[in-house]
Amino acid sequence: MRLTLEEQEIICRAFRDIYGEQAHLWLFGSRVDDTRRGGDIDLYIETPEADVSTVVRLKSKFLDALEDELGERRIDVVVNYGNKKGDGTELLIHRIARKTGIQMV
């Protein structure tokens, strides 16, 4: 994982503060591969929250918190909301992130 311990702690703390105990977080993409360099931080979130406006608000709040703590960084966040895992409505990116990523929370 190409994140410092401090970066990992900041991301996990902000995530728990905003999403609570019922949601889960993965790091995926190029930052999972220790042999690569650079790249944005790709985060995948699963949350039981089903209200779209709440999902958008939480994602925005999370990104703002990360920018406050990490500075301006390229961070992409993909959210699978309403516990859609396995019901045929999840997107391919959700399955890829879960399969290839590292669960952080």
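**Reading burial, core and sheet**

Author: Let's start with His 94, which is found in helix α3 (residues 92–100). Please keep in mind that this is a predicted model.

Reader: Thanks! Why is His 94 called buried?

Author: Its relative accessible area is 5%.

Reader: Let's turn to Ile 18. Where is Ile 18 placed, and why does Ile 18 count as buried?

Author: Ile 18 belongs to helix α1, which covers residues 5–19. Its relative accessibility is 15%; the cut-off for buried is under 20%, so the word applies to Ile 18 too.

Reader: Which residues does Ile 18 touch, not counting those up to four places away in sequence?

Author: With those left out, the partners of Ile 18 are Leu 58, Lys 61, Phe 62 and Ala 65. As for Asp 64, 46 residues separate it from Ile 18 in sequence, and the C-alpha to C-alpha distance is 11 Å.

Reader: Phe 62 is on that list. What does Phe 62 itself touch, not counting residues up to four places away in sequence?

Author: Besides Ile 18, Phe 62 touches Ile 11, Ala 14, Phe 15, Tyr 19, Leu 43, Ile 45 and Val 77 on that count. Phe 62 is also one of the residues with the most contacts inside the largest nonpolar core, along with Ile 11, Tyr 19, Leu 43 and Met 104. This core has 24 residues.

Reader: Which elements give two or more residues to this core?

Author: They are α1, β1 (24–28), β2 (41–47), α2 (52–70) and β3 (75–81). Of these, α1 gives the most, with seven residues.

Reader: Now the sheet. How do you know that β2 and β3 are paired?

Author: Seven bridges join β2 to β3. Pairing needs at least two bridges, so these strands qualify with their seven. They run parallel, and Thr 47 stands opposite Tyr 81 in β3.

Reader: What makes β3 and β4 (102–103) the edge strands?

Author: The open sheet has four strands in the order β3-β2-β1-β4, with mixed pairing. Each of β3 and β4 pairs on one side only.

Reader: Finally, where does α2 lie?

Author: Helix α2 lies across β2 and β3, and it runs at about 150 degrees to β3.

Terms used:
Residues are numbered from 1 along each chain as its sequence is written. This is a predicted model: local features need pLDDT of at least 70, side-chain atom pairs count only at pLDDT 80 or more; totals for chains, interfaces and linings use all residues. Side-chain values use heavy atoms; hydrogens and water are left out. Buried means under 20% relative accessible area, exposed over 50%, partly exposed in between (1.4 Å probe, protein chains only). Contact means heavy atoms within 4.5 Å. A nonpolar core is a set of buried Ala, Val, Leu, Ile, Met, Phe, Trp, Tyr and Cys residues joined through side-chain atoms within 4.5 Å. Axes are lines fitted to C-alpha atoms, for helices over the stretch in contact, and angles run from 0 to 180 degrees between N-to-C directions.
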